[in-house]
Amino acid sequence: MSATGSPPSNLCPELATLALHAGAAPDAATGSLLMPIYQTATFVQQGVGLHRGYTYSRTANPTVTALERRLAALEGGEHALAYASGLAATTGLALALLAAGDRVVLSDVVYGGTARLFADVLERFGVAPEFVDTADPDAVAAALARPARLVFVETPANPTLKLTDLALVAGLARDAGALLAVDNTLLTPVLQRPFAWGADLVLHSTTKFIDGHNATIGGALVVRDAALAERLAWHRNALGLIQSPFDAWLTLQGAKTLPLRMRRHEEGARRVGAFLAGDRRVTRLIDPGAPEFPQAELARRQQAGGGALLAFEVRGGGPAARRVLASVRLCTLAENLGAAETLITHPASMTHAAVPEERRRQTGITDGLIRLSVGLEDPADLIADLDRALTEVER
Ligand code: PLP
């Protein structure tokens, strides 16, 4: 549900059914209701060049294909490719599309590993990343005044939850002849549909909400264009980035309840957000689902909800934040988000430690910032846990 009470027109109504049925039918050979785990390295060939579509599990595997079909259906794309991690998907995207000398325009706030990949690895191979505030159309237009091959947007951005207007940036990218990739990890297709706004590629760390159970590391790319899908598949095979059958199978099971879970995450996050908003010990709250959120109008237009993530600071800055993180009992201090269990994180020292301090400061990833991924527990229990931890800090 959107903050206005009705789902935006871009929300796909059949997601609950697609999440359960797309991509996997009962096994024709045995009747097994669940897609089997094809845990095999290779596939027997009937003769040289004669096979049933699968040759080697680094190239493709039936269990992985089932997950890919489900993800393509959920995201409203035509083709999906599953990778060993979200970062493997980003690597696969970059190495398939970029060459030495290519410029990439990225959101100034992205997951720390994404920033590190572009700034500290790909730059060594001649790719030129430029981090800009993609929430500012003038900054994007200025960055695209010079040729760029790719625009890479994360919205909401992890961990400051700043939004980028996708329709606007898609238009600028198209005019500049650049492809637009959108990291949709934080909202999933249940709450945001980047293809509807003009994205060319949608990226996921399936480690997060799509698996949803803290059980796997995985990633995916979804596209609509067949030639682009083929190019990505060729590179995934060449680079060895595919997901394992077992992880694909677990992710396939997790994805079944994605629409249900996202609604419940949404409900919990809004209740915990309302508690934090009203607490005098909290000095700054970022809740994209709250009417006070600075980009609330964009959130209403572009998203079907604020999502499960909140970020906040408490009185006393960094040292107080560390005490909150040490005092919570139900909220678990860990790196990850989007799982059934509520996870609490200190981005500056954990997920975004690889981002240079200067850029962290410029973009609001302060030492006092706490990121909360609201899980599926009873929100009243989460509020009680946070309330107690905040009281502890005051002692
Ligand atoms: N994209 C976002 C928004 C993330 O938060 C993460 C990880 O935290 C990634 C990509 C990378 O995914 P993975 O950890 O599965 O490699």
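Strand β1 pairs with strand β7 (residues 219–223) through five bridges, and the two run antiparallel. Two strands count as paired if DSSP finds at least two bridges between them. Helices (H or I, at least four residues) and strands (E, at least two) are DSSP runs, numbered from the N terminus. Opposite L81 stands L221 of β7. The model is predicted: local features need pLDDT of at least 70, side-chain atom pairs count only at pLDDT 80 or more, and totals for chains, interfaces and linings use all residues. Residues are numbered from 1 along each chain as its sequence is written, and side-chain values use heavy atoms, with hydrogens and water left out.

This pair belongs to an open sheet of seven strands, ordered β1-β7-β6-β5-β4-β2-β3, with mixed pairing. β1 (79–83) and β3 (128–132) each have a single partner strand, so one side of each lacks a neighbour in the sheet. From one strand to the next, the twist averages 20 degrees. Helix α4 (residues 112–121) packs on the sheet and touches β2 (103–107), β3 and β4 (150–154). Contact means heavy atoms within 4.5 Å. The direction of α4 makes about 140 degrees with that of β3. Axes are lines fitted to C-alpha atoms, for helices over the stretch in contact, and angles run from 0 to 180 degrees between N-to-C directions. Helix α6 (residues 166–176) also packs on the sheet, touching β4 and β5 (179–183), at about 150 degrees to the direction of β5.

Two parallel bridges link β10 to β11 (residues 343–345). L333 has I344 in β11 as its bridge partner.
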